[in-house]
Structure formats: C-alpha cells, structure tokens
Amino acid sequence: QVQLVESGGDLVQPGGSLRLSCAASGSIFSINAMGWYRQVPGKQREWVAHISNGNSTNYANSVKGRFTISRDNAKNTVYLQMNSLKPEDAAVYYCNADIRRNSWSGVFNYWGQGTQVTVSS
C-alpha cells in the first residue's frame, strides 16, 4: 500500500507565505514525477506545479514566480513553497505522484487527501 500525506495548510493573510509538504510512504521502489494540484468547491481540480525525478520543474502561469516546487528523494517528499499568496490561491491542495512499488511493477498514479489553504485578512 502507498500513501501520500499532505501537511502545512493553514490560514494566511494576503501577501503571506506557506510551505506545503507531501510525504509518500509504504511499499515504494521509486517515484517518478510529483506534483501539486488545487481545487475550490464547484470547480475542476487545477494543476499547479510539477517536478520530475530529475528535478525539472513546471508551473501554472497563475503561480509562476510566486510558488516553488522541490523534492527530497531521500524522504520521498515533495514541497510547495508559496509566497505572495493571493485570495485566489485559496483552495484544497492535493499532492500527486507516479510511483513504482516494485522493480517489476508498472508505474501507478497516487493522490493525497488534500490540505486546506485559506488566504484571507
């Protein structure tokens, strides 16, 4: 079994910063790409950022220059540093990862349970 557990969501004022973490645990042989998505009620889940196992990164235009994705492969953890937060960044943030559980298995996609980010004064 594989689990992704996010943490770090909180209430923050506009202009503030937060750092989200997502730790993968369980039967893991290797982790390929990892990413962050977000969703507000009534809207589709939106891609935020992506990092490859070679540390190549990509960002949605809405967060480029404000958010930074990084990973610690030794800890099977991906981070999202969010700066200059805006009210429109408020959402439930979900972690996503492509994980191989064994050397002989395929790669499967996993989601975390989400962590709430609220941006309000």
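Me: How many aromatic pairs does a search of the whole structure find?

Reply: The search returns 1 aromatic pair. Its members are Tyr 37 and Trp 111. The model is predicted: local features need pLDDT of at least 70, side-chain atom pairs count only at pLDDT 80 or more, and totals for chains, interfaces and linings use all residues. Residues are numbered from 1 along each chain as its sequence is written, and side-chain values use heavy atoms, with hydrogens and water left out.

Me: What makes Tyr 37 and Trp 111 a pair, and why is it called edge-to-face?

Reply: Rings of Phe, Tyr and Trp (its six-membered ring) pair if their centres lie within 6.5 Å; planes under 30 degrees apart are stacked, over 60 edge-to-face, the rest tilted. Tyr 37 and Trp 111 lie 4.9 Å apart centre to centre, with 65° between the planes. The distance meets the pairing limit and the angle passes the edge-to-face limit, so both labels hold.

Me: Where in the chain do Tyr 37 and Trp 111 lie?

Reply: Tyr 37 is in strand β4 (residues 30-39) and Trp 111 in strand β10 (residues 107-111). They are 74 residues apart, so the pair links distant parts of the chain. Strands here are DSSP runs (E, at least two residues), numbered from the N terminus.

Me: Are Tyr 37 and Trp 111 buried, partly exposed or exposed?

Reply: Buried means under 20% relative accessible area, exposed over 50%, partly exposed in between (1.4 Å probe, protein chains only). Tyr 37 has 24%, so it is partly exposed. Trp 111 has 38%, so it is partly exposed too.

Me: Which charged end sits over the ring of Trp 111?

Reply: That of Arg 45, 4.7 Å from the ring centre. The test asks for NZ of Lys or CZ of Arg within 6 Å of the ring centre and within 35 degrees of the ring normal. The charged end of Arg 19 sits over the ring of Tyr 79, at 4.0 Å from its centre.

Me: How do you know that Cys 22 and Cys 95 form a disulfide?

Reply: Their sulfur atoms are 2.1 Å apart. The definition asks for a pair of cysteine sulfur atoms within 2.5 Å, so the link counts. A search of the whole structure finds 1 disulfide. The angle about the S-S bond is -75°, and the link is left-handed. Cys 22 belongs to strand β3 (residues 18-26) and Cys 95 to strand β9 (residues 91-100), 73 residues apart.

Me: Are the two cysteines buried or exposed?

Reply: Cys 22 is at 0% relative accessibility, so it counts as buried. Cys 95 is also at 0% and is therefore buried.

Me: Which residues touch the most other members of the largest nonpolar core?

Reply: Trp 36, Leu 80, Met 82 and Tyr 93 do, in a core of 30 residues. A nonpolar core is a set of buried Ala, Val, Leu, Ile, Met, Phe, Trp, Tyr and Cys residues joined through side-chain atoms within 4.5 Å. β9 gives the most to this core, with 5 residues. Tyr 93 touches residues including Leu 20, Trp 36, Phe 67, Leu 80 and Val 117. Contact means heavy atoms within 4.5 Å.

Me: Why is β9 described as largely enclosed?

Reply: 7 of its 10 residues are buried, so the rest of the structure largely encloses it.

Me: What makes β9 a partner of β4, β10 and β11?

Reply: Two strands pair if DSSP finds at least two bridges between them. β4 and β9 share 8 bridges and run antiparallel. β9 and β10 share 5, again antiparallel, with a hairpin of 6 residues joining them. β9 and β11 share 3, antiparallel as well. Each count meets the limit, so each pairing stands. Trp 36 has Cys 95 as its bridge partner in β9. Asp 98 stands opposite Asn 109 in β10, and Val 92 is bridged to Gln 116 in β11.

Me: Is Gly 16 buried or exposed?

Reply: Its relative accessible area is 18%, so Gly 16 is buried. Gly 16 lies in the loop between β2 (11-12) and β3. Beyond its neighbours within four places in sequence, Gly 16 is in contact with Met 82, Asn 83, Ser 84 and Leu 85.

Conventions:
Helix = DSSP H or I, 4+ residues; strand = E, 2+ residues; numbered from the N terminus.
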